[in-house]
Structure formats: structure tokens, C-alpha cells
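Subject: Structure handover

Hello,

Here is the structure that we talked about. Please open it beside this message and follow along as you read.

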There are 2 protein chains.
Amino acid sequence: MNVVPTSENGSPPVYREIAEEIRALIRSGQYADGDRLPGENTIMESHGVARATARQALSVLINEGLAVAVRGSGIYVRLFRPVRRHGARRLSKELWGNGRAIWQTDGADRAYRVDDLRVEEAAAREHVARVLDLEEGAGVLRRSRRYLVEDRPVQTAVSFLPLALLVEHADHPAARSIRSQDTGPGGIYARLSELGMAPVHFTEEIRVRMPTPEESGELHLAAGTPVLEVARTALASEHRPVEFNQITMDGSAYVLQYDFEA
Amino acid sequence: MNVVPTSENGSPPVYREIAEEIRALIRSGQYADGDRLPGENTIMESHGVARATARQALSVLINEGLAVAVRGSGIYVRLFRPVRRHGARRLSKELWGNGRAIWQTDGADRAYRVDDLRVEEAAAREHVARVLDLEEGAGVLRRSRRYLVEDRPVQTAVSFLPLALLVEHADHPAARSIRSQDTGPGGIYARLSELGMAPVHFTEEIRVRMPTPEESGELHLAAGTPVLEVARTALASEHRPVEFNQITMDGSAYVLQYDFEA
């Protein structure tokens with residue numbers, strides 16, 4: 001357990017004062033995105049402090065996601081403008097009903113690029129089966145992909161649909177599209193509508209945690225960056241679950257917004 | 001930047017296999033909440049590995065929030081059942097309109113306890129002023145508090161209301177209640193309704209980051225625990241902002257749920 005660090009006279013410790021000083025210079029734009037920050041040696045000299053103090057000051061900024069350490073080179077300002085992801089609005093029928101992929105509405109200014117798209121059949125594991133109302137081991141269609149913004153990987157998403165639902169409509173072009181790499185305008189929600197299973201209700205559950213080593217690799221996460229996990233369930237009428245999506249986001253790259261009426 | 005760690009033959013490195021083994025024992029209940037996990041020495045002996053490997057294995061579990069290191073004592077399973085916080089439902093008019101505090105609806109099984117409640121007048125800083133549509137430095141009522149569940153601090157919240165709004169209705173009992181420690185049944189939203197300024201729309205913005213040292217202290221965060229920041233704005237009719245609330249949550253203690261229609 002940590003305690004609030006204060007020096008003996010109750011004022012903040014020196015490393016925090018130094019961090020605050022550098023933070024102010026970043027916020028005011030004197031250090032711009034990508035600029036190299038003063039290193040430990042420079043801070044030691046300019047502030048007359050020990051190396052440990054200089055290092056702590058820089059660690060504060062790294063932990064806040066304002067700076068990133070590049071091995072063997074130094075510490076750099078990292079100001080990636082977070083992607084604003086609108087919960088309710090993004091998934092509203094007007095959007096995907098009009099043939100827009102839900103992701104296009106996230107920051108109309110910055111396009112998502114998708115890579116590592118994989119579509120395959122799989123056996124539902126326990127929690128996927130539970131959410132989709134299937135027997136454990138039942139067939140699911142698994143669509144996984146990674147999203148990049150400005151060439152930076154920002155999230156991975158693994159979507160599961162009950163395979164039975166697609167087999168039922170095997171000769172419908174919409175069912176074939178859902179099994180293709182390119183699901184067509186409006187994506188799988190538009191195709192599900194064409195199959196008479198339009199999603200009418202969404203539930204999103206959000207958790208936060210530190211990444212696994214695999215996630216750090218896939219999302220190129222800097223040390224000390226948490227991930228956001230969004231588990232989304234899409235229900236068609238009569239509470240029929242039609243999709244479950246496990247989304248893992250670089251926590252420093254997103255602001256999630258939800259709007260609702262009282 | 002991290003890369004996915006694999007050993008030369010492509011299988012996961014030994015420390016991850018050991019972590020997975022212990023994780024499985026926790027998930028299956030063989031190590032229960034609060035149990036002490038095998039230490040570095042035990043793992044070195046039982047698995048024939050170096051100390052660094054044993055330490056890495058335990059770090060994986062700590063980073064995932066499944067275990068917590070207690071200085072000078074060992075590493076313990078920490079299974080705190082997260083609090084489920086319902087976005088839209090929790091703030092719906094039916095709840096606070098019936099005289100329920102919004103927090104009572106979070107996990108009906110576990111009560112929140114509030115401490116460090118402070119009510120004071122303050123000058124609005126830049127971002128609070130912007131959200132509340134005030135001049136910078138304008139008067140605001142600042143209500144701050146900490147919430148505990150099972151004696152564990154889980155979140156702090158600092159709420160701001162335009163002071164002018166309360167001065168306008170200075171002789172109304174509801175305005176006096178909003179300035180009191182105990183705001184009465186239904187809390188400030190019920191009192192704002194009585195003043196003709198019932199919130200009709202809420203926006204919540206969610207970010208995640210590593211905590212500041214102060215936050216680690218206030219929330220008793222274990223090392224490697226991120227915080228969730230929820231910034232909530234309450235708007236009355238005609239888009240009039242009536243409250244801004246900055247909520248900081250122990251990221252390991254919460255699941256945020258949002259439900260919405262397509």
C-alpha cells in the first residue's frame with residue numbers, strides 16, 4: 001500500500017515538484033509532441049538533485065502517459081490525441097442502418113485501418129457460450145482484427161457469432177457476407193438485419209487492468225500503460241444474443257463517451 | 001515497446017507457464033481470497049528455476065490484479081469482487097425520483113460508506129468553468145468525498161455546482177440542503193429537481209491511466225493498479241449544465257456497465 005508522499009514539512013517531495021514543472025512545460029506547448037525531455041543528468045545539474053530524484057520525476061510523467069522512454073535514447077513527449085468513442089450514438093440504428101461502419105463515426109477526422117483480420121470457425125469457450133446462450137463447445141464464427149490510427153495499433157477486437165444462426169440462413173447472401181473478410185456496407189449489424197435479426201439492445205461492460213505480455217506486443221504498449229476491456233453483447237428481439245465482442249484497447253489512446261437521458 | 005515474449009522454440013517462456021499454473025489454482029479456488037501464494041524460494045525449488053524467473057511469474061499475477069505483494073510478508077491472493085456500476089439505469093429518474101441515492105443501486109448487496117465528505121465554496125478552474133459554462137474563477141460549490149466498500153476505499157468523487165444557481169434560490173430549503181453535508185433523500189439531483197433544474201441528460205467520459213501518488217494513497221492502491229476516471233456532466237433542460245462530477249475509481253474494484261438501445 002502506498003501513502004501520500006510528502007516531505008517532512010508537509011510540502012510535496014522534490015521529485016513531484018520537478019515533475020509538475022516539466023508537466024507545465026508540456027501542457028503549455030514548450031515541449032511539443034515527440035520532443036525529447038531533459039534527461040536525468042540534465043535534471044541533476046539544473047535542480048541540484050540526486051539521480052534517484054531525477055529518475056522519479058521522469059517516472060511520474062511516464063506513468064501519467066505524458067512521456068515515453070525509448071531505450072538507449074531518452075524520454076520523449078508522447079501526445080497522442082485520444083480517440084473519442086461514443087457508446088450509444090455510435091451504435092445507433094441510424095448509423096449502421098445507413099451503411100456506415102460503426103468505426104467510421106469515431107473521430108471523423110482520423111480513419112481506422114484494420115489489419116490481422118481473421119475469420120474462422122471455433123468452439124465456444126465457457127464464457128462466450130454463456131453470453132451467447134450456447135452449449136460450451138458449440139460452433140461460433142470468430143472474427144478477430146486489430147485497429148490502427150495514424151499507424152499506431154489502438155485496439156484489438158474478437159467478435160463471436162453463433163454459427164447455427166448462419167447455417168440456418170446458409171443460402172442467404174447476408175449470411176455469406178458475415179463469413180467473408182469484407183462484410184459490406186454497415187458491417188455485420190446491417191447483415192444481421194437483413195437476416196431478420198437486427199440488434200435492438202447493446203450491453204457494454206468496461207474493465208481496466210494491466211496488459212498481458214501478448215497484449216503489450218499486439219498494441220505496442222509503453223511500460224505502465226493499462227488496457228481497457230470492453231465486452232459488448234448485441235441482442236436481437238426477444239433478448240436473443242446475436243454477437244459478443246471482446247475489445248481490448250490501449251488505455252492511453254481512448255476516451256469512452258456515453259450519453260443518456262435521466 | 002514490448003514484444004510478445006516467446007522462448008526460442010516458440011512456446012511461452014517458463015515464467016508465463018508458472019504464472020498460468022498458479023492462476024489456474026486461484027481460478028479453481030485451491031488458493032482462496034487472502035491466501036498466501038508460494039514465494040520465490042518455493043517456486044525456485046518446486047520448478048527448478050532461477051530467482052528472476054520465479055519473480056517474473058509472480059509479477060504477472062500482481063500485474064493482472066490477481067495477487068498483491070505485502071511488504072516483508074509475501075504475496076497474497078486478492079479477490080475483491082468488483083462493484084458493478086450501471087451507467088444509464090443508475091441515473092434514471094425513477095431511481096432518484098423515488099428518493100434513492102444513486103449509489104445505493106450499485107450492488108444492492110454491498111453498501112457504500114462515505115468518508116472525508118467536504119463541502120466548500122471554491123473558484124472554478126479552467127476546465128470546470130468550461131464544462132459548467134462559467135467564467136474562470138466564478139464561484140462553485142465543491143462537494144468532495146471518498147467511498148468505501150467492505151472498508152476498502154474504492155473511489156473518490158469531487159462534484160461542482162455553479163454557486164450562482166444556489167444563490168439565486170438562497171431561501172429555498174433545497175438550495176440549503178445542497179450546501180449541507182446531508183443532502184437528503186435522492187441527493188442533489190432530487191434537490192435540483194425541487195429547484196426546477198432537474199437533470200435531463202448525462203454525459204460520462206471515461207479515461208484510464210496510472211494513478212498519481214496522492215490517488216494511490218487515498219485509494220490504497222496496490223502497485224500496478226490503474227485508475228478509471230469518470231467525468232460526468234448533468235444537464236438540465238435547455239442544455240443548462242447543473243453539475244460536473246470528477247470520479248476517480250480503483251480500476252481493480254469496478255465493472256462499468258452501459259446499456260442502450262440500437
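Which residue is the bridge partner of A:Arg113 in β5(A)? The partner is A:Leu148.

Some ground rules come before the rest. This is a predicted model, in which local features need pLDDT of at least 70 and side-chain atom pairs count only at pLDDT 80 or more, while totals for chains, interfaces and linings use all residues. Residues are numbered from 1 along each chain as its sequence is written, chains are lettered from A and ligands numbered from 1 in the order in which they are written, and side-chain values use heavy atoms, with hydrogens and water left out. Helices (H or I, at least four residues) and strands (E, at least two) are DSSP runs, numbered from the N terminus.

The sheets

β4(A) and β5(A) are paired in the antiparallel sense over 10 bridges; two strands pair if DSSP finds at least two bridges between them. Both belong to an open sheet of eight strands with mixed pairing, in the order β4(A)-β5(A)-β6(A)-β9(A)-β8(A)-β7(A)-β10(B)-β3(B). At the edges stand β4 (112-123) of chain A and β3 (83-86) of chain B; each has a single partner strand, so one side of each is left without a neighbour in the sheet. From one strand to the next the twist averages 20°.

Another open sheet of eight strands, also with mixed pairing, runs β3(A)-β10(A)-β7(B)-β8(B)-β9(B)-β6(B)-β5(B)-β4(B). Its edges are β3 (83-86) of chain A and β4 (112-123) of chain B, and each has a single partner strand, so one side of each lacks a neighbour in the sheet. Here the twist averages 20° from one strand to the next.

In this sheet, β7 (residues 201-209) and β8 (residues 227-236) of chain B pair in the antiparallel sense over nine bridges. B:His201 has B:Leu235 in β8(B) as its bridge partner. B:Leu235 also stands opposite B:Pro241 in β9(B). β8(B) and β9(B) run antiparallel and are joined by 10 bridges. They form a hairpin with three residues between them, and B:Glu238 in the turn has a positive phi of about 60°.

Why is β9 (residues 240-250) of chain B described as largely enclosed by the rest of the structure? Because nine of its 11 residues are buried, where buried means under 20% relative accessible area, exposed over 50%, and partly exposed in between (1.4 Å probe, protein chains only). β9(B) is also joined to β6 (residues 152-162) of chain B by six bridges, and these two strands run antiparallel. In that pairing, B:Gln155 stands opposite B:Met249.

The helices

Two packed helices are described by the angle between their axes and the distance between the axes. Axes are lines fitted to C-alpha atoms, for helices over the stretch in contact, and angles run from 0 to 180 degrees between N-to-C directions.

In chain B, α1 (residues 14-27) and α3 (residues 51-63) pack at an angle of about 50°, with their axes 8 Å apart. That makes α1(B) oblique to α3(B); angles under 35 degrees count as roughly parallel, over 145 as roughly antiparallel, 65 to 115 as roughly perpendicular and the rest as oblique. Residues of α1(B), including B:Ile18 and B:Ile22, meet residues of α3(B), including B:Ala57 and B:Leu61. Contact means heavy atoms within 4.5 Å. By class, this contact has nine nonpolar, two polar and one charged residues. Ala, Val, Leu, Ile, Met, Phe, Trp, Tyr, Cys and Pro count as nonpolar, Asp, Glu, Lys and Arg as charged, and the others, Gly among them, as polar.

Helix α9 (residues 187-194) of chain B is mostly covered, with six of its eight residues buried. Among them are B:Ile188, B:Tyr189 and B:Leu192. Just after α9(B), B:Gly196 takes a positive phi of about 80°.

Two single residues

Are A:Leu165 and A:Glu135 buried or exposed? A:Leu165, in helix α7 (residues 163-168) of chain A, counts as buried at 2% relative accessibility. A:Leu165 touches A:Leu192, A:Met197, A:Arg240 and A:Val242, not counting residues up to four places away in sequence. A:Glu135 lies in the loop between α6 (126-132) and β5 (139-149) of chain A and counts as exposed, at 65% relative accessibility.

Regards
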